[in-house]
Amino acid sequence: MTTETLIGKSLRAGVIAAMTLTVVGGVIYLFQHHGITIAIAQNSNAAFTGTATYLRELSTIIPRIAQFDGAAIIQLGVIVLIATPVLRVVMSLISFVIEKDKLYIAISAIVLIVILGNMIFGLH
Amino acid sequence: MDIQLLTLILFTGAICAGLLGSLTGLGGGVIIIPLLTLGLGFDMRFAVGSALVTSIATSSGAATAYLREKVTNIRIGMFLEIGTTVGAVVGALVAMYLPVNVIMLIYGIVLVFSAVMTVRKKNTDGNTSPADPLAVRMKLNGSFPAKQGTKNYNVHNVAGGFSLMWIAGVLSGILGIGSGALKVLAMDTVMKIPFKVSTTTSNFMVGVTAAASAVIYLQRGYIDPVLAMPIVPGVLLGSFIGSKILMKVNTKILRIIFAILLAFLAMQMIYRSLS
């Protein structure tokens with residue numbers, strides 16, 4: 001298998017996983033919240049609260065998945081989706097390593113460090 | 001609003017966003033933000049979070065349309081990503097201190113610009129005049145398969161393109177959109193890259209740029225699962241179909257409709273931000 005096909009296949013796997021998780025989570029969520037109405041704040045001056053706190057970190061999302069929390073499963077799907085472009089950068093880095101292209105090994109590594117650094121440190 | 005109806009509306013909107021986003025290389029965020037804010041009355045911050053998700057889904061959905069990517073120039077994409085990812089982090093941090101109406105105004109201006117970029121004169125063949133020496137050194141020049149056989153192209157003004165990419169990154173971090181319009185402008189107009197290559201390479205970059213700021217938005221609670229649930233599958237489906245179409249048909253009429261729609265939304269958004 002060529003590196004190109006490998007990149008294509010792993011990307012496809014990530015996308016299918018993200019899609020499956022959001023759809024399955026969505027069905028569970030709709031079942032759990034059947035018939036509710038979504039309150040949309042008409043007053044834009046109202047304080048913005050954002051989503052429930054447990055839906056903001058992977059460490060608090062994971063425990064809720066075991067409890068079949070629809071929203072948590074959807075959020076995991078979103079996180080898998082966010083990871084797919086990062087995976088694409090990692091796979092390109094690997095293919096540059098195979099090609100022994102030093103300049104592009106360095107360039108891909110810089111891009112990866114900026115993204116991962118931001119995920120790990122730039123948070124709170 | 002009833003949750004089933006909301007899901008249905010968002011799913012339909014998401015398919016359109018993915019389709020148009022991948023066809024034009026602009027990313028799907030430009031459609032999702034007005035749908036959520038102007039159409040459904042959601043807070044701009046939820047719209048920005050959803051737009052980030054849309055941008056990534058457009059990018060990854062388009063990428064999976066082909067197992068072997070022969071058109072996307074990964075070297076150009078990766079090199080320019082240095083500018084956009086750093087910019088995106090700066091933008092996401094700046095956005096915290098910007099009032100919502102300023103973000104809406106910036107967004108309106110970007111929409112006007114996106115409309116113009118959609119109907120631009122396309123550079124189909126690529127430019128074979130002598131390349132920027134930096135492009136040669138960076139191995140940016142490439143080729144792509146066309147009906148008449150493989151076409152070669154040379155890349156120009158690398159420094160100019162790179163500086164525009166930094167601005168595209170900052171805007172992307174502030175607005176949640178992939179800033180595809182600026183990316184396409186930089187590659188198409190400044191670097192003289194043929195449109196199929198610039199569109200697909202922009203699709204690749206939109207996802208990476210959005211991922212760079214997505215975690216900040218997730219942690220701030222801007223990414224809502226109720227909105228993400230129909231958006232993710234819808235956009236993935238739309239962008240998969242869009243990139244299949246891109247290589248086959250002439251999308252001129254679709255682009256004109258898209259441009260008019262964007263111009264209309266831009267006026268609405270600017271009006272809203274000023275009133």
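Trainee: Among contacts in chain A between residues at least 6 apart in sequence, what percentage join residues at least 24 apart?

Mentor: The figure is 55%, where contact means heavy atoms within 4.5 Å. Keep in mind that this is a predicted model, in which local features need pLDDT of at least 70 and side-chain atom pairs count only at pLDDT 80 or more, while totals for chains, interfaces and linings use all residues. Residues are numbered from 1 along each chain as its sequence is written, chains are lettered from A and ligands numbered from 1 in the order in which they are written, and side-chain values use heavy atoms, with hydrogens and water left out.

Trainee: How many helices and strands are there in chain A?

Mentor: Chain A has four helices and zero strands. Helices (H or I, at least four residues) and strands (E, at least two) are DSSP runs, numbered from the N terminus.

Trainee: And what percentage of chain A counts as buried?

Mentor: 43% of its 124 residues. Buried means under 20% relative accessible area, exposed over 50%, and partly exposed in between, with a 1.4 Å probe and protein chains only.

Trainee: How do α3 and α4 of chain A cross?

Mentor: Helix α3(A), residues 70-99, and helix α4(A), residues 102-120, have axes that come within 9 Å and cross at roughly 155°. The two are therefore roughly antiparallel. Residues making the contact include A:Val86, A:Val90 and A:Phe96 of α3(A), and A:Tyr104, A:Leu112 and A:Met119 of α4(A).

Trainee: What are the axes and the angle cut-offs there?

Mentor: Axes are lines fitted to C-alpha atoms, for helices over the stretch in contact, and angles run from 0 to 180 degrees between N-to-C directions. Under 35 degrees counts as roughly parallel, over 145 as roughly antiparallel, 65 to 115 as roughly perpendicular, and the rest as oblique.

Trainee: Switching to chain B, how are α7 and α9 oriented to each other?

Mentor: The axes of α7(B) and α9(B) come within 9 Å and cross at roughly 40°, so the helices are oblique to each other. The contact involves B:Met165, B:Gly169, B:Ser172, B:Gly173 and B:Ile174 of α7(B), with B:Met205, B:Thr209, B:Ser213 and B:Tyr217 of α9(B).

Trainee: While we're on α9(B), is B:Thr200 buried or exposed?

Mentor: B:Thr200, which sits in α9(B), residues 195-219, counts as buried because its relative accessibility is 9%. A polar atom of its side chain lies 2.8 Å from the backbone oxygen of B:Lys196.

Trainee: What about B:Phe144, where is that?

Mentor: B:Phe144 lies in strand β1 of chain B, residues 142-146. At 4% relative accessibility, B:Phe144 is buried too. Leaving aside neighbours within four places in sequence, B:Phe144 is in contact with residues including B:Val71, B:Tyr153, B:Pro194 and B:Val197.

Trainee: Now torsions. What is the phi of A:Phe68?

Mentor: About 55°, a positive value although A:Phe68 is not a glycine. Most residues other than glycine have a negative phi. A:Phe68 is in the loop between α2 (58-65) and α3 of chain A, and is exposed, with a relative accessible area of 55%.

Trainee: And B:Asn157, what is its phi?

Mentor: Near 35°, again positive in a residue other than glycine. B:Asn157 is in the loop between β2 (149-153) and α7 (158-175) of chain B. With a relative accessible area of 38%, B:Asn157 is partly exposed.

Key:
Polar contact = N/O pair within 3.5 Å; in protein donor to acceptor, adjacent residues only side chain to side chain.
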